[in-house]
Amino acid sequence: MKEIDNRISIITKACDDKRGFDIKVLNISKLTSIADYFIIVSGNATTQVAAIADEVEEKMGRAGFDIKHKEGYGTNRWILLDFGDIIVHVFHKEDREFYKLERLWADGEEIDIDFID
């Protein structure tokens, strides 16, 4: 398994462990230089959004992948976790519907996460 697949797997499993839903992985490497992948996940409440973000950061840290930057912990409506070439967006479901990040990056390739697990 390639390292990127391993990191995507750690992140998506951490999201699933905290009952995150509608998990999407987008390969955006051909569209921008800010990252290679976006992982987008939703939670039903601000406490769940924070719990998902905390779980991702903890599991990635345990695996030796340090976070470079994070934003959004104040409101827990949209938390961004930057791992360099992977950026994780943890949304409250209402905010995800409002911002429609997947539609903004629709030219990115959606990755089937079933093959990674």
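This is a predicted model: local features need pLDDT of at least 70, side-chain atom pairs count only at pLDDT 80 or more; totals for chains, interfaces and linings use all residues.

Residues are numbered from 1 along each chain as its sequence is written, and side-chain values use heavy atoms, with hydrogens and water left out.

The sheet is open and has six strands in the order β3-β4-β5-β2-β1-β6, with mixed pairing. Its edge strands are β3 and β6 (109-111), each of which pairs on one side only, and the twist from one strand to the next averages 20°; for this and other angles, axes are lines fitted to C-alpha atoms, for helices over the stretch in contact, and angles run from 0 to 180 degrees between N-to-C directions. In general, strands of a sheet pair through backbone hydrogen bonds, either parallel or antiparallel. Here β2 and β5 run parallel and are joined by seven bridges, with Phe38 having Ile87 as its bridge partner in β5. On β4, by contrast, the pairing with β5 is antiparallel over five bridges, and Leu81 has Val88 as its bridge partner in β5. These two strands, β4 and β5, form a hairpin with three residues between them, and Gly84 in the turn has a positive phi of about 90°. At the other end of the order, β1 and β6 pair in the antiparallel sense over three bridges, and Asn27 stands opposite Glu109 in β6.

Strand β5 deserves a separate look. Because seven of its seven residues are buried (under 20% relative accessible area, where exposed is over 50% and partly exposed lies in between, with a 1.4 Å probe and protein chains only), β5 is largely enclosed by the rest of the structure. Ile86, Val88, Val90 and His92 point one way from β5, whereas Ile87, His89 and Phe91 point the other way, and all are buried.

Turning to the helices, α1 lies across β1, β2 and β5 and runs at about 10° to β2. Helix α2 packs on the sheet, touching β2, β3, β4 and β5, and its direction makes about 160° with that of β5. The buried residues of α2 are Gln48, Val49, Ala50, Ile52, Ala53, Glu55, Val56 and Met60, and what covers them includes α1, β2, β4 and β5. In general, an α-helix has 3.6 residues a turn, so residues three or four places apart point the same way. One of the buried residues in α2 is Glu55, with a relative accessible area of 11%; not counting residues up to four places away in sequence, Glu55 touches Ala14, Asp17 and Lys18, contact meaning heavy atoms within 4.5 Å.

Just after α2, Gly64 takes a positive phi of about 95°, and Phe65 lies in the loop between α2 and β3 (69-71). Phe65 counts as buried at 18% relative accessibility, and, leaving aside its neighbours within four places in sequence, Phe65 is in contact with Glu3, Asn6, Arg7, Ile10, Met60 and Phe83. The C-alpha atoms of Phe65 and Phe83, which are 18 residues apart along the chain, are separated by 7.5 Å.

Which residues have the most contacts inside the largest nonpolar core? A nonpolar core is a set of buried Ala, Val, Leu, Ile, Met, Phe, Trp, Tyr and Cys residues joined through side-chain atoms within 4.5 Å; the largest has 25 residues, and those with the most contacts inside it are Ile11, Ile39, Val56, Phe83, Ile86, Val88 and Val90. At least two residues of this core are supplied by each of α1 (3-17), β1 (21-27), β2 (37-43), α2 (46-62), β4 (78-82) and β5 (86-92), and the largest share, six residues, comes from α1. Apart from this core lies another, of nine residues, among them Leu26, Ile40, Phe91 and Leu101.

Methods: Helices (H or I, at least four residues) and strands (E, at least two) are DSSP runs, numbered from the N terminus. Two strands pair if DSSP finds at least two bridges between them.
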